[in-house]
Amino acid sequence: MDMGLNGRWALVCAASKGLGRGCAEALVAEGVNVVITARGAEALEATAAELRLLNPSVEVRTVAGDIATPEGRAAALAACPQIDILINNAGGPPPGDFRNWTRDDWNAALEANMLTPIDLIKATVDAMAARGFGRVINITSGAVKAPIDVLGLSNGARSGLTGFVAGIARQPQLAGRNVTINNLLPGAFATDRLKKTMAAGAAKTGQTLEATMDKRRAAIPAQRFGNPAEFGAICAMLCSTHASFLTGQNIILDGGGYPGVF
Ligand code: NAP
């Protein structure tokens, strides 16, 4: 199926690795020009080089910087001639015990996982609406639907974003102008982030990392971790011209892990 995205421009935040990179790869394969960001320039440039090889007909630009800062966001926005597709992403907050979290810990989580995507949505959606096409995908977490004790900073900040998105996605001046805003909720995907979370869990219980990962894997009905390429493929589908009627949704990608009906 032709996704109808050839020649579009996307800003893919936090995309040198993991899920953001998976989204960038899928979009590039569909002929989308991309601006990708990450803090570490070396991995970012390496990813950009691989994306260019994947589809030499698209333009791939890089912006090294922290997307959770005003300067990082300004640089990312300035690098993209026109933003048709916005993929909001940033590193997740660290796990821990809420008793130990300070106001600074909360502010950092809110900046990265709630206020940054809101700022970028604010900066882009009205121009998308004026052009009659726009797609925003926020990478959030399965923890929005099924909160995880030790990820309280993530649960809280992402729930705030989710509530905000549920309201604005339904504005007729956006939904009525072919601008859709959806959240993709990853379960356990095989990325650096997952390994770090699992390592923290292993350290807490005294089990090996391998045993911890085996146990987590076995708890997923699909009996495996997701891979960033399949996450990216769903992201590209949601960005496609065929998905114009799908907005304000929370789509969970977790191999069947979430047990609820709704
Ligand atoms: P990852 O493999 O660690 O990759 C994170 C990417 O984001 C890297 O490219 C990293 O590069 C970049 N990044 C992190 N913070 C950034 C910032 N402030 N500004 C710019 N770039 C930044 O992580 P992931 O697994 O893809 O996770 C992506 C998001 O999904 C996270 O918010 C995570 O909590 C969430 N999530 C993941 C899973 C999972 O199973 N993987 C499950 C639920 C939720 P630099 O470090 O160089 O900046």
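With which side chain does the side chain of N183 make a polar contact? I will come back to that in a moment. A word on the source: this is a predicted model.

The partner is N138, and the two side chains are 2.9 Å apart in that polar contact. N183 itself lies in strand β6, which covers residues 179-186. Is N183 buried or exposed? N183 counts as buried because its relative accessible area is 1%, and the cut-off for buried is under 20%. Leaving aside residues up to four places away in sequence, N183 touches N138, T140, T162, V165, Q249, N250 and I251. So much for N183.

Now to the strands, starting with β4, residues 85-88. I85 and I87 point to one side of β4, while L86 and N88 point the other way. All four of these residues are buried.

Which strands pair with β4? One is β1, residues 9-12, which pairs with β4 in the parallel sense over three bridges. Within that pairing, V12 stands opposite I87. Another is β5, residues 134-139, which also runs parallel to β4, with four bridges between them.

To recap: N183 in β6 has a polar contact with N138, and β4 pairs in parallel with β1 and with β5.

How values were computed:
Residues numbered from 1 in each chain as written. Predicted model: local features only at pLDDT ≥ 70, side-chain atom pairs only at ≥ 80, totals over all residues. Heavy atoms only, no water. Helix = DSSP H or I, 4+ residues; strand = E, 2+ residues; numbered from the N terminus. Buried < 20%, exposed > 50% of the residue type's maximum accessible area, 1.4 Å probe, protein only. Polar contact = N/O pair within 3.5 Å; in protein donor to acceptor, adjacent residues only side chain to side chain. Contact = heavy atoms within 4.5 Å. Pairing = 2+ DSSP bridges.
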